Amino acid sequence: MTATIKDIAQQSGFSTSTVSRALNDDPHILSATKQKIIQIAEHLNYKPNFSARTLVTGGSHSVGIIFPSIERYQSNPFYLKIISGMNESLSQEGYVATIALDDSTEQILDIVMTMAQQAHVMKFVFLYYQDVDPIRNYLDSHKLNYVTIGNSKFSNGIFIDNDNYYFGKLAANKIIKDYNPKNILVAKSDSQLLFEEERLSGIKDSLLDTTTNVSVIEVNTSDSNKSFTSQLNNVDAIIASQDEIAELIYQALLIKGIDIPIVTFNNSLTVFNHQNNIYSYDLKPKQIGKVAVEKLFSIQNMTHLEKKFVYRIL
């Protein structure tokens, strides 16, 4: 019987996760640990046979969809619509989606490693981008193809994103045309997200030739006390960088008994459906998912990708 990672774990006393990472030369595993695990693997005649199986089968007919470990993103309807779009396109390719989802980056990495090593998944889609990412490093080191939904200032690769600058300009133009406010409040998260910066840039550029005053606040989406409410006074209109923030502000306005128009993005929350003074731009998440699959299957070899390609969805 062929030895497995579980067999090595039982003999070594380490977890299957540690064994798997050690066998893949993870830099976060101590050298002594790697040496012990490799010795046991050799004694058991362990053969992962990943490359051979890939050459024979061409890899699994499954695409790994990698969620961020932040809980609020995992239940966000925007991402579920992206996956719906991906599923439509994957079925046409004869593929299915497999989700990598857990409470921490380390746990998601373990899932991705299992996908690659045991299920022979060779194509992945990230539903997020972060500068330091061990999951991305793992895929790069094993020459596995992936695309990213989102964008990066500096990294190479294939990115699928909205034209956030354009949508920022749309939001500003709409709120000026419909409400002609004197004081606009722009509410964004405190996470320094690139798409928010791009939307804010579009908003500010559209308002350069107006007499409208613009102020910007950062909202902590975990702030159940809504400490930002004092900053909602003396404004005529609000632009929220995303629906999640718009909902928090909407709740605060209801409590204060203030009726202020809000323009936001994503069109993913039903709470806004019957509110005449709230408008949310549809960012076409299903189309984003479809384009992600299209570009993923167009990659010949990720290791040769030395440039950055950004595909903007309008």
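Start with Arg136. In this predicted model, Arg136 lies over the face of Phe126, and the distance to the ring centre is 4.1 Å. There is a second case with a lysine. Lys123 sits over the face of Phe297, 5.0 Å from the ring centre.

Now ring against ring. How many aromatic pairs does a search of the whole structure find? The count is 10. I'll take two of them.

One is Phe78 with Tyr79. Their ring centres are 5.8 Å apart. The planes meet at 85°, and over 60 counts as edge-to-face, so this pair is edge-to-face. Buried or exposed, these two residues? Take the phenylalanine. Phe78 has 10% relative accessibility, so Phe78 counts as buried. The cut-off for buried is under 20%. Tyr79 comes out at 12%, so Tyr79 is buried as well.

Next, Phe265 and Tyr281. Here the ring centres are 6.1 Å apart, and the planes are at 25°. Under 30 degrees counts as stacked, so that is the label for this pair. Where do the two residues sit? Phe265 is in strand E9, residues 262-265. Tyr281 is in strand E10, residues 278-281. So the pair ties together parts that are 16 residues apart in sequence. Both Phe265 and Tyr281 are buried.

That pair also belongs to a cluster. Which residues form it? Tyr166, Phe167, Phe265, Tyr279 and Tyr281 make up one aromatic cluster.

To recap. Arg136 is over Phe126, and Lys123 is over Phe297. Phe78 and Tyr79 pair edge-to-face. Phe265 and Tyr281 stack, and both are part of the aromatic cluster.

Methods: Residues are numbered from 1 along each chain as its sequence is written. This is a predicted model: local features need pLDDT of at least 70, side-chain atom pairs count only at pLDDT 80 or more; totals for chains, interfaces and linings use all residues. Side-chain values use heavy atoms; hydrogens and water are left out. Rings of Phe, Tyr and Trp (its six-membered ring) pair if their centres lie within 6.5 Å; planes under 30 degrees apart count as stacked, over 60 as edge-to-face and the rest as tilted. Buried means under 20% relative accessible area, exposed over 50%, partly exposed in between (1.4 Å probe, protein chains only). Helices (H or I, at least four residues) and strands (E, at least two) are DSSP runs, numbered from the N terminus. A charge sits over a ring if NZ of Lys or CZ of Arg is within 6 Å of the ring centre and within 35 degrees of the ring normal.
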